[in-house]
Each structure stands twice: as structure tokens, then as C-alpha cells.
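Open the model in your viewer and keep the selection tool ready.

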Amino acid sequence: MPKSPDSVLSCYDVNNDPLPDSVLRYAFRQLLGNNGYVQIVNVPDSFDHVAFLKELGDFQPTPTGTVVGDLKPEADMDDIYHAQNRRPLVPHTEGYEFRGLPPRYMALWCVKPASGLGGETTLLDGDRILREFTETELRHFSETPYAWTSTEGLARRGVHHHVEHPVLEEVDGERVLRFSYNNLVVPEGDELAARLLERGKEIYDESHVAVEYQERDMIVWNNWRMLHSRNAFEDPTRHLKRVQIAAPIGGPYAA
Ligand SMILES: [Fe+2]
């Protein structure tokens, strides 16, 4: 059963006074560090999502080049696997198919919630999956390069990726997890990788949190740790904004 988010930050305090900027930022950092994600709610009209997110790092363009992207259903995409349609997605981390590091943080905020059922963003702490594997098995995931492909939707828009990365990497003392239920290519006979995907999906389905949006609500998560996905929805006018935030410049992938 999906759970309600347990890392929620309101822009207003118990007396209905707006939180001072410094308090909001402090609480945000604490929650993000502790839980891997934050849902910001009761967001006032005056809130500047882009300015708030810039403090976390530089924005990283998506494969189609957008920096502050729009997530809206595209009419010709309902038949395939693609972020810009209304069908459900499967659990993944963002940017597993990028050549360098995946985005450090991801942010989505709501311009127009989906009316009717569905459209929630779902999240799960990847540590819950990795806990099921032994040290030796985790070492295998750090040492074995796997092939990752991009989605059918991006391929239809002319974006083709085919890269090799291990599932786990260590960057500046932090673990980076890549996961894609449908676009990690499991080599013939690699039962460990097959188990990672199957158990990953099962744990995701049992234990994810489902975030429902009100206008201007925002979720931010640590994409090196959390998996995300989305529930199907009907409303063709649902509209979210999306930003990817890069790892700090100067890391091992700096060109
Ligand atoms: Fe995604």
C-alpha cells in the first residue's frame, strides 16, 4: 500500500504565519538530508521555485535541452513508455542513461494538478532495496558495468543513448545508485541483476510514498539515493515543471 509522504514542509507555521526564509531553508536541508526527499506544501503565490532551487546547485539540461522543463502530456505519446504522457511509469532514478553522473537532485513543482484520480509522483528510498543484498553482492554492482538504454519516448524524439555504468558508484564519499526497471539491460544469466530489478519493483510497489499535488507544491529529492515513478492519470491539462540539479562542478566528471 502506498504511504503518505513523511517528509513534508509547510511554508506556514502553526499560527498560520509564513516561515521566515532562513527557517524554511534550514528545515528543507535537514529533511532532504535525513529522508532523501522533501514535499513543500502551502506554497504562497510569491514563492520563486527557480530561485529557491538555484541554491542547491547548477541546473542540468535534459536530453532534449530544456533547463526548466514542462511536464505535460504530449498527444502522440500515449502509446509508448514516456514521461510526457498519461500512462504510469516504472521505478527508476533519473539520468541512468546519461554519459556522466546522473543529476544530484530532482525537483518537480505543480502548475496545475490533475483533476480526478491519479497523477501522483511516487518515491522510494533506494537504501531499502540495497539492504537486501550482501556486501559481496553490492561489490558486484560497483564493479560490473551494465548497459542502459533510453526510453522509447526519447527515441521517438530523436534522442538515443546507450551507455555503460555500474549500478553503484562512489563519488566524493557518497553512493550513487542507478536503477531502471525497464531500461537496465540484464545480461543473459546475471541472476543478481535480475533479482535487483524484480525485488526492487516489489519493494517499490509495497513501500513507496505517493505525493499528491496542490497548486505550487514542490517535491525535491536526492536522485543518487531515491527511486521515483508516477501513477497514471486522465486529465490532459495536468502540468508540472521539472528541474535537474547537477552534481557540484569540480567532481570526477568535470570536463
Ligand atoms: Fe523520471
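Donors here are N, O and S atoms within 2.8 Å of the metal (3.2 Å for Na, K and Ca), and water is not among the atoms, so sites may look incomplete. This is a predicted model, in which local features need pLDDT of at least 70 and side-chain atom pairs count only at pLDDT 80 or more, while totals for chains, interfaces and linings use all residues. Residues are numbered from 1 along each chain as its sequence is written, and side-chain values use heavy atoms, with hydrogens and water left out.

Select the iron ion. Its donors follow the spacing H-x1-E-x133-H along the chain: H92 (NE2), E94 (OE) and H228 (NE2), at 2.1 to 2.2 Å. H92 and E94 are both buried (under 20% relative accessible area, 1.4 Å probe, protein chains only).

Next, select V167. Its contacts (heavy atoms within 4.5 Å), not counting residues up to four places away in sequence, include F141, W148, L184 and L196.

Now show α6 (191–207), a helix in the DSSP sense (a run of H or I, at least four residues, numbered from the N terminus).

Colour the buried residues of α6: L192, A193, L196, L197, G200, I203, Y204 and S207. Viewed down the axis, they fall within an arc of 145 degrees and so line one face of the helix; the arc is taken over directions from the helix axis to the C-beta atoms.

Finally, at the start of α6, find D190: one of its side-chain oxygens comes within 3.3 Å of the backbone nitrogen of L192.

Note on methods:
Buried means under 20% relative accessible area, exposed over 50%, partly exposed in between (1.4 Å probe, protein chains only). Helices (H or I, at least four residues) and strands (E, at least two) are DSSP runs, numbered from the N terminus. A polar contact is a pair of N or O atoms within 3.5 Å; within protein, one must be able to donate a hydrogen and the other to accept it, and residues adjacent in sequence count only if both atoms are side-chain atoms.
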